[in-house]
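Here's a quick briefing to read alongside the structure.

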Amino acid sequence: MTGNEIPRRNYKMSDADLCMFASNLVNDMNLDSEMLAPFGVSAPGILAFKAIGDAFENLPTDIETEGAVMETTLSKNNLITQVKESIRNLALRVEMKWGLDSIKYRSLMFTGINNIADNDLLFVARRVKRVVTGCLADLSAEGLTQEILDNFGDLVDAYEEAKNVSHDTMDARLEATKVRIENGNTLYANVTKYCEIGKRVFANSNPVRYNCYVIYDSFSAGTLIAPTDLSVDVSTMTFSVSPVPNAVSYQFEMAVAGSQDFEVIYTGPDNFFIYTPPVSGLASYRARCHNSGGYSDYSNLMVYNYVEPVLPAPGYISLTVINASTGAIAINWESVEGALFFRLFSSQVAIGAEEPAAGLYTLVGEYTTASYSGTVSTGYRYWFYVISGSSEEMLSVPSQSIYVDMQLIP
């Protein structure tokens, strides 16, 4: 187990039931101390066992730590909305001044901002501030002021701080969960040890005292324990819990961030199912099981932040002039996992023009391989970039741009 992994619970009963069982077991061990003493069970040992149970009972639960996670995440998400809106407002001023196809507008590189990751959003925001700050004098006619830039900088700093606080709070919740499970496993290991001793002492002499040391009796309808180990495998989007004895069916529920209005997302015989949340964002999940006697208690809450997958931009794009006389060129780029096609765009500007880097990009073509070969006319500078895609709704941001000057051949 690595430092970031949640350990597996070694017991099937709920934390509350484990605490209650351990407390009752302490009373039984004190009552039977003379019979248990030949097996190393002493008064100090019983007190130490009781202390383990008391410490476990006082640990915070997921429900207690979830509140802090939800609060900091909502604060961060509110700032994300404000940062994105501010970026769009700044970009609009650049668009009004130079147009969508200008090099200045493209240098903002904020395409796909709706699905951008937290760290990438911070990087984009810093870049937009640098670019727009350099254009402050030119954009004054479009309403840009130093105060607006300063406020945007303060907003980005606040977002970075909120992102860090949210990350730290999630780490704290994860650590609290790990500590509770580790302590629960330690308590359960002691419970099973003392129960085994008690069962062996009374196996052939006292059935009543023997039953006091049996952890699991036979289950009947209506005595279901709450599901444990609620988790999601993000590689397959499979939600699951550990199987529960005597459970006939399972029910999984979800509530969006900040809401206690849970909705059923699965009911069926399996303790697992594949599910993709309808929208990106933070949500709480819980599960319970059912048989002819009714429903069990709910599992502990699991908070999961689903981020809709976005294809990355192709990387390492390169251009080679095959034949300068004929204008033959070859372009290659790094392939992208999950991409079904690539679209190559080109901008053609006459060499010697006032702004040779600027120009209207048009689609060259769509390709299923990460390469292109063709010919261009001499006397022009050609700019190229590539996007990847798996559907019209799933397109990447543009790759880095490259250019080549095809000089006139004397």
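## A sheet and a pocket

In this predicted model, three strands make up an open sheet, ordered β1-β2-β5, and their pairing is antiparallel. β1 (231-233) and β5 (272-274) sit at the edges with a single partner strand each, so one side of each has no neighbour in the sheet. On average, neighbouring strands here are turned by 20 degrees against each other, ignoring direction.

**How β1 and β2 meet**

- β1 and β2 (residues 238-240) run antiparallel and are joined by three bridges.
- Which residue of β2 stands opposite Val232? That's Phe239.

**The second largest pocket: space and centre**

- This pocket holds about 1,200 Å³ of space.
- Its lining counts 43 residues.
- If you want to find the middle of the pocket in the viewer, look for Met109, Phe110, Thr111, Val397 and Pro398, the lining residues that lie nearest its centre.

**The second largest pocket: who lines it**

- Four elements each put at least two residues into the lining: α5 (103-106), α6 (118-134), β14 (380-391) and β15 (394-395).
- Which element gives the most to this lining? It's α6, with four residues.
- Sorted by class, the lining of this pocket has 27 nonpolar residues, along with nine polar and seven charged ones.

Note on methods
Residues numbered from 1 in each chain as written. Predicted model: local features only at pLDDT ≥ 70, side-chain atom pairs only at ≥ 80, totals over all residues. Heavy atoms only, no water. 1 Å grid on protein atoms, 1.4 Å probe; cavity = no way out; pocket = protein on both sides within 12 Å on 5 of 7 lines; lining within 4 Å. Points joined across faces, edges and corners; volume = space filled by probe spheres on them. Nonpolar A, V, L, I, M, F, W, Y, C, P; charged D, E, K, R; others polar. Pairing = 2+ DSSP bridges. Axes fitted to C-alpha atoms, helices over the stretch in contact; angles between N-to-C directions.
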